[in-house]
Amino acid sequence: MTMTGTELRQSFLDYFRERGHTIVRSSPLVPGDDPTLLFTNAGMNQFKGVFLGEEKRDYRRAVSAQKCVRAGGKHNDLENVGRTARHHTFFEMLGNFSFGDYFKKEAIEYCWDLLTEKWGLPKERLKATVFTDDDDAFQLWKSIAGLSDDRILRLGEKDNFWAMGDTGPCGPCSEMHFHQGDHLPCAEEQAGGKCLGPACECDRWLEIWNLVFMQFNRDASGKMTPLPKPSIDTGMGLERLAAIMQGKMSDYDTDLFRPLIGHVERLSKITYGASIEHDVSMQVIADHSRTATFLITDGVTPSNEWRGYVLRRIMRRAMRHGRMLGLAEPFLWDVTKTVVEIMGAAYPEIVESHGRVIDVVRQEEERFAETLDLGMAKIREYLDSHGGDRRKVVDGKFLFTLYDTHGFPTDLAQEVFQDAGWSVPPEALQQFEAEMEAQRERARAGASFGTTHDADGSVEVYRQLSTQLPKPQFLGYSELASPARVLAMVEEGRRLGEAGQGQTVEIILDRTPAYAESGGQMGDTGTIVGRDGQGTIEDTYYRGSQLIVHRVRVTQGRLRENEEVAVSVESRRRQGLKLHHTGTHLLHAALRKILGTHVAQAGSLVAPDHLRFDFSHGAAVKDSEVEKVEDLVNENVQANIVVTPAEMDLPEALKSGAMALFGEKYGDRVRVIRIGDFSTELCGGTHLEATGQIGLFKVVSEGAVASGVRRVEAVTGDAALRHVGREEQALRESAGLLKIPPLELPRRLQKLLDEQKQLEKQLQQLEARLAKGRAQELATSARVVAGVPVLAARLDGLDAEGLRSVVDTLRERMSSGVICLGSSVDGKVSLVASVSKDLTKRFAAGKLVQEVAPMVGGKGGGRPDLAQGGGTDASRLDEALASVPGWVERVAAG
């Protein structure tokens, strides 16, 4: 029976639904409840809490088609993707699950029935493996499937025993293998031995389905006790199943990949199957286009950190293979269209997000193109200059120069060298790391200011203090003033016994109500008063991980180590911080509800008078979306929801649904801030008692700050009221200038803008007519270069459309020739080039624009007969146009 990948996916889900299983939608690739997991990499990930007994669902049988990515950590075999028949970064895992319901017998019955009866796989081509001691599974395969002893292999713990971790649920597993044929090569046979069947490393036997029998709980000593309710977790890769069902030896020949490869064939004009090298590149692009589409859809954007770095690495690898196929222009964004065509019905989220996917992929392609071309050129130069090196070993210093000077990724450089037959030994990578560390040291030594409070030479004294002093007690959640004792006093790396008026010192207290800057919230200010002196607390921050330090300017008398003092926090400023920190939590939750759960915090600032929140989002945020976010926050402000803080163990907090922020370090005990059912986050900051105390939340601005990262700035409370007041005043003043009521201002402005646009259009038409009138004069000014009429002229005031109109007139008057016109409007340069049909085989208009546009700080391109470009440096336009005859002469000379 031949079935498409789509039919197989649906058939699997339907089979188990008919047998009492609940179809559970694929979870996102970014795990929402496991901050330690890079990507979702198995069907059981979303059921982990159920298997551990931490979570209950309203079903005991489940089935899913889970999207998975394995491209980092222990699953990092990225360099093999595209080179083998089965390696993929993105794949789909089909799985059926039992949570204390059925066990081995039913799991084996379902497996055998679906494969042989429903899908018709030949029974004689199937074998099973079981764990060495699993006699139950061995006998079940015999009784249910009728397999003889020689068709059931007993394998050890490495192959047929599964564990969730060092401790916890675990159990034996059983795998079903399909015989692809003895015609495939086997290393064991070639070495004079015998093929080991499913236990062999060759491709003759292919694992189809893994059935995990979770029946034990393993404790820290290694002792395993039977679980009261054994469970089932199975997994079957859709891609390799499709290859078997469609009679293909490679996943890339199935209908899940072939349309993608066909797309690359059309773009590159290279036939798949013509050469191994080109086949590998096409397979890499087919695989990586799927991964990029799904990761971006689920909220990952290219960056230099963690998940974003993995995505960037995958995309750049695809771009490099595109270059190997001659694809010089961005192409990967286009291939994602076919991904959506193939998989959009099963995963509608990629249809909804495709516009954003295209934008993110294309931006990354355009950004990396120059780096890729320059880096590849440098590698070619290196290979040419070291061609006589018989060892063919890459120098680590060159890898560093390639990365440091030209920004070329080291992992990609390794792959390029390896493809060229060169090795990158561990010593070269160690040398690279040594150069990187030396660079970091130079940067640290040359910096005038550090990025932390530990950059003033005080590191050593605080390292000693952290071992000598107890951790200061923070009282600021409930107190704004308290008595305390001065434990230590430091000035410029020196420990002091006392400090007098005018000195600024860092003071560590045994307890304090002052909040130390962390989690985006600024540190507290206040006062400190001793027996013989007092000072102003200008800032509060951490030295190291636990010492709370107060930067104090002594304003009167003297402060001494070991003396008792009274510490108070500036209450008005603290209230502003609480307003904006609680407002930040409401904003984060609202963004996730309006824009999608892919939104994740990428940075924040909580100040007394405003907040700044950076978040991951690959597309521009519409004004209407900003308005919805603001309205949703204010709805929760008006609801006056109680803000509930609680301390708990980290696992308990995560299980409760608290959001952990990537990049933050959490201890064993954490503080959870819950705002009703609207927001739950891990946070050590100071907050209001109820949301109603915010009064008003107002977004001040929203925009992009980096690729895939947006920023919202907002104000709350009195600051929000002042902001609204300023806006209303500006509105009234603007309306007064037009002598209209304020609410009529948008309509009147639109009318004025429309009138201005019409006048500008009329002006352009007039200028175009005047320019056309000059066409005859321009045509006569053409000069002959290398036997070719050449016209290069400047016509300021015309945009690109106006220039094209003049070019059209000139083409009618000049039957043969090369034309290049330029114009400057408000400092922006437009260029249009034309080559008559009889000359396009010798001269290309697109090449001409690519020559001229960089001279005015821009770029361009187009067809051989007509092209256009632009730039930003109008001061060099005359020089650029003057270069046209020289270009014609060079090209004519060959």
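These are my notebook entries on what I looked up in the structure above.

**Entry 1: ground rules**

I am working with a predicted model, in which local features need pLDDT of at least 70 and side-chain atom pairs count only at pLDDT 80 or more, while totals for chains, interfaces and linings use all residues. Residues are numbered from 1 along each chain as its sequence is written, and side-chain values use heavy atoms, with hydrogens and water left out.

**Entry 2: the whole protein**

Taken along the principal axes, the C-alpha atoms fill a box of roughly 95 × 90 × 65 Å. Of the 894 residues, 50% count as buried, where buried means under 20% relative accessible area, exposed means over 50%, and partly exposed lies in between (1.4 Å probe, protein chains only). I then looked up contacts, meaning heavy atoms within 4.5 Å, and found that among those between residues at least 6 apart in sequence, 68% join residues at least 24 apart.

**Entry 3: the cores**

I looked next for nonpolar cores, each a set of buried Ala, Val, Leu, Ile, Met, Phe, Trp, Tyr and Cys residues joined through side-chain atoms within 4.5 Å. The largest has 110 residues, and those with the most contacts inside it are Trp 119, Trp 141, Met 176, Ile 208 and Trp 209. Helix H13 (residues 354–385) gives the largest share of this core, nine residues. Apart from it lies another core, of 29 residues, which includes Val 599, Ile 673, Cys 683 and Val 699.

**Entry 4: helices packed on H15**

Two packed helices are described by the angle between their axes and the distance between the axes. The axes are lines fitted to C-alpha atoms, for helices over the stretch in contact, and the angles run from 0 to 180 degrees between N-to-C directions. I found that H13 and helix H15 (residues 410–419) pack at an angle of about 45°, with their axes 11 Å apart. That makes H13 oblique to H15, since angles under 35 degrees count as roughly parallel, over 145 as roughly antiparallel, 65 to 115 as roughly perpendicular and the rest as oblique. The contact is made on the H13 side by Phe 368, Leu 372, Met 376, Ile 379, Tyr 382 and Leu 383, and on the H15 side by Leu 412, Ala 413, Val 416 and Phe 417.

I also looked up helix H10 (residues 306–324), where His 321 lies. The axes of H10 and H15 come within 10 Å and cross at roughly 35°. Among the residues that make this contact are Arg 313, Arg 320 and His 321 of H10, and Asp 411, Glu 415 and Asp 419 of H15. Is His 321 buried or exposed? At 1% relative accessibility, His 321 counts as buried. Leaving aside neighbours within four places in sequence, His 321 is in contact with Arg 83, Val 280, Ser 281, Val 284, Ile 285 and Glu 415.

**Entry 5: helix H26**

I listed the buried residues of helix H26 (residues 884–893), which are Val 884, Pro 885, Trp 887 and Val 888. Seen down the axis of H26, they fall within an arc of 160°, so they line one face of the helix; the arc is that of the directions from the helix axis to the C-beta atoms. These buried residues pack against strands S27 (783–785), S28 (788–794) and S29 (818–825), and against helices H24 (845–852) and H25 (877–882). After H26 comes Gly 894, whose phi is positive, near 80°.

Lys 739 has a positive phi of about 55° although it is not a glycine, and I found Lys 739 in the loop between helix H21 (717–738) and helix H22 (745–780). Lys 739 is exposed, with a relative accessible area of 74%. Asp 826, in the loop between S29 and strand S30 (828–835), has a positive phi near 55° and counts as exposed at 81% relative accessibility.

Lastly, I looked up Ala 163 in strand S6 (residues 161–163), which counts as partly exposed at 29% relative accessibility. Ala 163 and Phe 216 are 53 residues apart in sequence and 9.4 Å apart in space, C-alpha to C-alpha.

How values were computed. Helices (H or I, at least four residues) and strands (E, at least two) are DSSP runs, numbered from the N terminus.
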